[in-house]
Amino acid sequence: MNSFFSKISCIFIGLLAVWALTGCSPQYNWRTVPNTDVGYMATFPDKPAQVTRTLDLIGLKVPLTMQAAQVEGLYFAVGTVPLQGELQIQSIGLRDALAQSVANNIAAGKPALTQIQWLGKAAHEMSVTGTLPDGQAAFAQVRFFEHRGTLYEVLIMGGSEQLDSNAPTTWFGGFSLLGQ
């Protein structure tokens with residue numbers, strides 16, 4: 001009799017383990033990554049890469065540093081622009097130009113920004129839908145804000161079919177500022 005219950009217990013525990021593993025999305029390997037150079041922490045779905053490039057936005061040379069990870073056609077990224085000199089004066093124009101650039105990536109037209117409160121500060125959010133170059137339906141959700149002389153762009157973007165409904169909540173909920 002004891003042997004019967006131990007077999008049932010083993011089967012139950014095995015089924016429970018299989019259920020727990022299938023409940024997790026195997027393509028996401030969430031990890032919290034601090035960026036002490038800029039002062040934020042983000043929970044990425046995979047190991048992020050970082051690159052800095054100079055963009056020509058609103059007639060200015062703008063250094064944009066992106067830390068990003070891609071998982072099955074979805075991009076999770078934090079972009080930062082140091083607001084010094086002329087860039088500080090043009091911060092609203094830069095934000096709007098970055099928003100348009102994201103919208104252009106998925107042929108979404110002119111984006112509308114909504115003011116929200118996020119991380120205890122005024123931020124602007126943009127949610128747009130469009131299409132990728134291959135015709136696939138796409139979306140982008142982005143939050144922009146300024147903090148300590150830096151313009152932040154926190155985004156998730158990609159094909160609509162690949163979107164796990166919990167991904168935006170995990171992504172935006174896993175972002176925080178260091179030393180705030």
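1. Let me start with the contacts in this chain. Of those with a separation of 6 or more, 50% are between residues 24 or more positions apart. Keep in mind as you read that this is a predicted model.

2. Some overall bookkeeping. The chain has 180 residues, and 41% of them are buried. It exposes about 9900 Å², with carbon and sulfur atoms supplying 57% of that area. You'll find 4 helices and 10 strands, and if you walk from the N terminus the elements go α-β-β-β-β-β-α-α-β-β-β-β-α-β.

3. Now the sheet of 7 strands. This one is open, pairs in the antiparallel sense, and has the order S3-S4-S5-S9-S8-S7-S6. Strand S3 (49-57) and strand S6 (114-118) are the edge strands, and each pairs on one side only. From one strand to the next, the twist averages 25°.

4. Within that sheet, have a look at S5 and S9. Strand S5 (residues 74-82) runs antiparallel to strand S9 (residues 150-159), and the two are joined over 9 bridges.

5. S1 pairs with strand S2 (residues 40-44) over 5 bridges, in the antiparallel sense. One example from that pairing: proline 34 has methionine 41, in S2, as its bridge partner.

6. On to charges. Side chains of opposite charge can pair when their charged atoms come close. How many salt bridges does a search of the whole structure find? It turns up 3, and the next points take them one by one.

7. Aspartate 46 and arginine 31 make a salt bridge, with the closest N and O atoms 3.7 Å apart. Aspartate 46 is in the loop between S2 and S3 while arginine 31 is in strand S1, so the pair ties together parts 15 residues apart in sequence. Aspartate 46 is partly exposed at 31% relative accessibility, and arginine 31 is partly exposed too, with a relative accessible area of 26%.

8. Glutamate 125 forms a salt bridge with arginine 143, and here the closest N and O atoms are 2.8 Å apart. This pair links distant parts of the chain, since glutamate 125 is in strand S7 and arginine 143 is in strand S8, 18 residues apart. Are these two residues buried or exposed? Glutamate 125 is buried, with a relative accessible area of 17%, and arginine 143 is buried as well, at 14%.

9. Aspartate 96 and arginine 95 form another salt bridge, the closest N and O atoms being 2.9 Å apart. Aspartate 96 counts as partly exposed, its relative accessible area being 35%, whereas arginine 95 counts as buried at 14% relative accessibility.

Note on methods. Residues numbered from 1 in each chain as written. Predicted model: local features only at pLDDT ≥ 70, side-chain atom pairs only at ≥ 80, totals over all residues. Heavy atoms only, no water. Pairing = 2+ DSSP bridges. Axes fitted to C-alpha atoms, helices over the stretch in contact; angles between N-to-C directions. Buried < 20%, exposed > 50% of the residue type's maximum accessible area, 1.4 Å probe, protein only. Contact = heavy atoms within 4.5 Å. Areas by Shrake-Rupley, 256 points an atom, 1.4 Å probe, with all protein chains shown as cover. Salt bridge = Lys/Arg side-chain N within 4 Å of Asp/Glu carboxyl O.
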